[in-house]
Amino acid sequence: MTVRGRGVSAGGAERTGRTPDAALRWLTALAALGLALAASACSGEHPQSTFRPTSQYASTLNGLFNNTFWWTMLVLAIVWGVLLVIIFRFREKPGAPPPQHIHGHTTLEILWTIGPALIVAFIAVPTIRTIFETQAAAPKDALVVEVIGHQWWWEFRYPQYGGIATANEVHLIQGRPVDFVEHSADVIHSFWIPRLGGKRDVNPQPALRDPNAPKRVNHIVLTPDSTGVFPGQCAEYCGASHAVMRTRAVVQTNADFNGWIQAYNTPPNPAQGSVEAQGKQIFESHICMACHTINGTNARGVIGPNLTLVGSRQTIGAGALPTSVASFQTWITHPEGVKPGAMMPGIREGAGGMPPTGLTGPQVQAVAAYLASLRPAAAGAIPAPGSAVPAPGAAGAGAPRPTTTTTTTTGGVR
Ligand code: CUA
């Protein structure tokens, strides 16, 4: 910069040498500002943005944020305005007398006491209103979903629907309040689907062995208002694979949700002689079935995720890999490489977190093909809206009161 400025000034008057330098400095500053704005990336998809709420709860939170934000901006503008006036009007000038002191100025004292008090009130009143609004008890017709955090995946149970259990993708109904009843099977996690709103810790149950001990559950009650798939992320550090403890909310119409429940209760069965059927046979005769449940098979394990319809989930391993036969192969072969610390066994020592399965390459391939095939049958097989699906409260735990739904961490209806 200096070299170029000198070059210019050398060709003209001594004074004009300063102008290009200053202009260049301004240009550089502007370019840096532009780059900073570009780097802050105020565009794009942002599937986990709280600024695009899809439930009444999230909209309320977003409204409160906006309210607080604009009050803050007003305070900022006033402070900067006053600061700039003071800097330019009252700065020291040569020969000026010492400044006049304003100690004991009653009007000023009153103004700067009342001003902040008013601002606090403008922020506090809507905040308290929002707290009461979002923490209200669930309505009687709410869909109860038990949320259980595990290292490192999410379990979801539907006590009103015969205790159906699924993992990592929670199905919800557009327009129907949902009462998430949360607890953990191990350490503290935090359940958070930003676009649905509410982030809440999922706490362990230290007194699980005592059936009379009070349950420590947390609730989030919200009503999704748009259909779609909304990703979330465990929001409390919980160990090696905390960053790979993702979740998805699949918000459906009532009819689609009923179709999903129906499909869950009538899982697909591979055609005889197919590679998928071989996979099923291997799954049921090896260690897999000790940890996983697949409805319609003899696999009844409860340590790992329920794999009924796992082929229809968008990801496997709680968001670690997109669902495909190849992903299942990778996961079954070497889970440690995908998710450090996972309890899932690999095919050989060191590939996973438990004694190895010892499955051969072709066996892994067959099991992967079987798992990928676990998706609802063709659309025609999914029942039409209004067909026989257990009504809320008609089956399973029955009573939708959350406290009765939290006793089944290690067992329950499967
Ligand atoms: Cu679970 Cu972080």
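**Close-ups of a predicted model**

**View 1. Glu336 sits in helix H9, which covers residues 335–338.** As in the other views, what you see here is a predicted model. Glu336 has 15 other C-beta atoms within 10 Å, so it ends up partly exposed; a residue needs 20 or more to be called buried. Leaving aside residues up to four places away in sequence, Glu336 touches Ala342, Gly346, Ala351, Gly352 and Gly353.

**View 2. Ala263 is part of helix H5, residues 254–265.**

**View 3. Helix H6 (residues 275–285) has a buried face.** The buried residues of H6 are Glu276, Gly279, Lys280, Ile282 and Phe283. Looking down the helix axis, you'd find these residues within an arc of 165°, so they line one face of H6. What do the buried residues of H6 pack against? Their partners are helix H7 (288–291) and helix H10 (361–372).

**View 4. Here helix H6 meets helix H10.** The two helices pack at an angle of about 105°, and their axes are 7 Å apart. An angle like that makes H6 roughly perpendicular to H10. Sorted by class, the residues in this contact are seven nonpolar, three polar and two charged. On the H6 side you have Val275, Glu276, Gln278, Gly279, Lys280, Ile282 and Phe283; on the H10 side, Gln363, Ala366, Val367, Ala369 and Tyr370.

**View 5. Helix H10 is mostly covered, with nine of its 12 residues buried.** Those buried residues are Val364, Gln365, Ala366, Val367, Ala368, Ala369, Tyr370, Leu371 and Ala372. What covers them includes H6, back from the previous view, and helix H8 (325–333). From its first C-alpha to its last, H10 reaches 17 Å, which is close to the 16 Å expected at 1.5 Å a residue.

**View 6. Helices H3 (residues 56–89) and H4 (residues 106–134) cross at roughly 170°.** Their axes come within 10 Å of each other. The crossing angle makes H3 roughly antiparallel to H4. By class, the contact between them has nine nonpolar, six polar and one charged residues. From H3 come Tyr57, Thr60, Leu61, Leu64, Asn67, Thr68, Trp71 and Val75. They meet Ile119, Phe122, Ile123, Pro126, Thr127, Thr130, Glu133 and Thr134 in H4.

**View 7. Zooming back out, the protein has 10 helices and 12 strands.** How much of the protein do buried residues make up? They account for 32% of its 414 residues. Now take the contacts between residues at least 6 apart in sequence: 63% of them join residues at least 24 apart.

Note on methods: Residues are numbered from 1 along each chain as its sequence is written. This is a predicted model: local features need pLDDT of at least 70, side-chain atom pairs count only at pLDDT 80 or more; totals for chains, interfaces and linings use all residues. Helices (H or I, at least four residues) and strands (E, at least two) are DSSP runs, numbered from the N terminus. The arc is that of the directions from the helix axis to the C-beta atoms. Two residues are in contact if their C-beta atoms, placed from the backbone, lie within 7 Å. Axes are lines fitted to C-alpha atoms, for helices over the stretch in contact, and angles run from 0 to 180 degrees between N-to-C directions. Angles under 35 degrees count as roughly parallel, over 145 as roughly antiparallel, 65 to 115 as roughly perpendicular and the rest as oblique. Ala, Val, Leu, Ile, Met, Phe, Trp, Tyr, Cys and Pro count as nonpolar, Asp, Glu, Lys and Arg as charged, and the others, Gly among them, as polar. The expected span of a helix is 1.5 Å times one less than its number of residues.
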